[in-house]
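Dear colleague,

I am passing on a structure for you to look over. My notes on it come after the model.

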Amino acid sequence: MDTQQIKQRFGIIGGAAALDRAIDIATQVAITDLSVLITGESGVGKEVMPQIIHQLSARKHNKYIAVNCGAIPEGTIDSELFGHEKGAFTGAHDSRKGYFEVADGGTIFLDEVAELPIQTQARLLRVLESGEFIKVGSSKVLKTDIRIVTATNVNIPEAIRRGKFREDLFYRLNTVPIQLPALRERKEDIHLLFRKFAADFAAKYRMPAVKLTTEAIELLENYRWKGNIRQLKNVAEQVSVIESSRDVSGSILSKYLPEDNNQNLPTVYKGGENADLSERDILYKVLFDLKGDVTELKNIVVNLMQNSGGDISNVTDNPAIMQSVKRLYENKEQAPVADPQVYKPQILPKEEVITQHEEVVEESLSLADKEKEMIIRALQKYSGKRKKAADELGISERTLYRKIKEYDINS
């Protein structure tokens, strides 16, 4: 079957290149028994791909079971997947077959696989490697011949980094990856999908189908659609049922589109000289710049004190500066802060004016010094092993190498 025939058979609408690529991969891998991991945002239609894989495979005459791992409580998911023996836990009055036993010879689709508990992930890994599993409350090893297809909208590499997902299981599930595009990446398909949904709801509710004006179509295609196809379908149903007019303008359609607050949010700049900086590095840079501004402000205040002989009323060249300095000195009359380490500016007597050759010795509050100290301590803790030191500090090994060179720690 070619791509167009598959779309017609499984009710897939759209001609985006990324969608066609996903269907093509599913078609090619269907004749094998390789594990498939389907990724994509929530609402993009990931549940269709395992059906294509099953129906085009040699297992199509056997069972196909779809399991939403996120909807099963953690305490019962092992029993649901692998079954249990009588008396295995409170309420287990009879033995029960799990999905892996029931679907023997067929295909099982594990949706939201990243929601599986760690102990269940270990059981699933054994099934993938040897086809073996053990029922809850049993010691007998059972065998199953099953094709496993999984899906998730979670960034699994990030979940692995946080210790929420097993890395070895990820590589077993990700034998063949299929990435489904978000709806905003299929702009040419959005109006086509809306028309299909509008026609379906018109037939369901026995009314004429709504039609969009050019302005409404443009609004529809430029919206971000966080909920993807599921959200688009809901909007089509709302418009079809609520609006009395069958011609929908942009102003009418906008009432059904939630405001996209992310459009005006600032983002981290990815290009230029800071392209290789992590969020932690950028935060350090901002703090260092802020420290420089505070130091400069202190110098300005000291210079004003010196030039005015401690009497700020003589500073009249710049009214804005004079007003700011007055506020600084007025604050000194307030009750002292409980923490004795907090710096409090004071007016020095005329005979104690600070000269350029005098320095105030105080504990270093430099972020750079503190960062260097933490890096040295981490390296000492792990006997110079930089990878472990980087993990301890919560930064990448690449960033640690750059910091070591920047602070000349090796010397």
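This is a predicted model: local features need pLDDT of at least 70, side-chain atom pairs count only at pLDDT 80 or more; totals for chains, interfaces and linings use all residues.

Residues are numbered from 1 along each chain as its sequence is written, and side-chain values use heavy atoms, with hydrogens and water left out.

Helices (H or I, at least four residues) and strands (E, at least two) are DSSP runs, numbered from the N terminus. Two strands count as paired if DSSP finds at least two bridges between them.

The sheet is open, with 5 strands in the order 2-5-8-1-9 and parallel pairing. Strand 2 (64–68) and strand 9 (176–179) are at the edges; each has a single partner strand, so one side of each is left without a neighbour in the sheet. From one strand to the next the twist averages 20° (axes are lines fitted to C-alpha atoms, for helices over the stretch in contact, and angles run from 0 to 180 degrees between N-to-C directions).

Going along the sheet, strand 2 is joined to strand 5 (residues 107–111) by 5 bridges, with Ile65 partnered by Ile108 of strand 5. Strand 5 is joined to strand 8 by 4 bridges; here Thr107 has Arg147 of strand 8 as its bridge partner. Strand 8 and strand 1 also pair in parallel, over 4 bridges, and Ile38 is partnered by Ala151 of strand 8.

Helix 2 lies across strand 1 (36–39), strand 8 (147–152) and strand 9, and runs at about 155° to strand 9. Helix 2 (residues 17–30) also packs against helix 3 (residues 48–55) at an angle of about 35°, with the axes 8 Å apart. Contact (heavy atoms within 4.5 Å) is made by Ala22, Ile23, Ala26, Val29 and Ala30 of helix 2 and by Met49, Ile52 and Ile53 of helix 3.

Finally, Ala236 is in helix 11 (residues 228–242) and is buried, with a relative accessible area of 0%. Apart from neighbours within four places in sequence, Ala236 is in contact with Phe194, Phe197, Ala198 and Phe201.

Regards

Conventions:
Buried means under 20% relative accessible area, exposed over 50%, partly exposed in between (1.4 Å probe, protein chains only).
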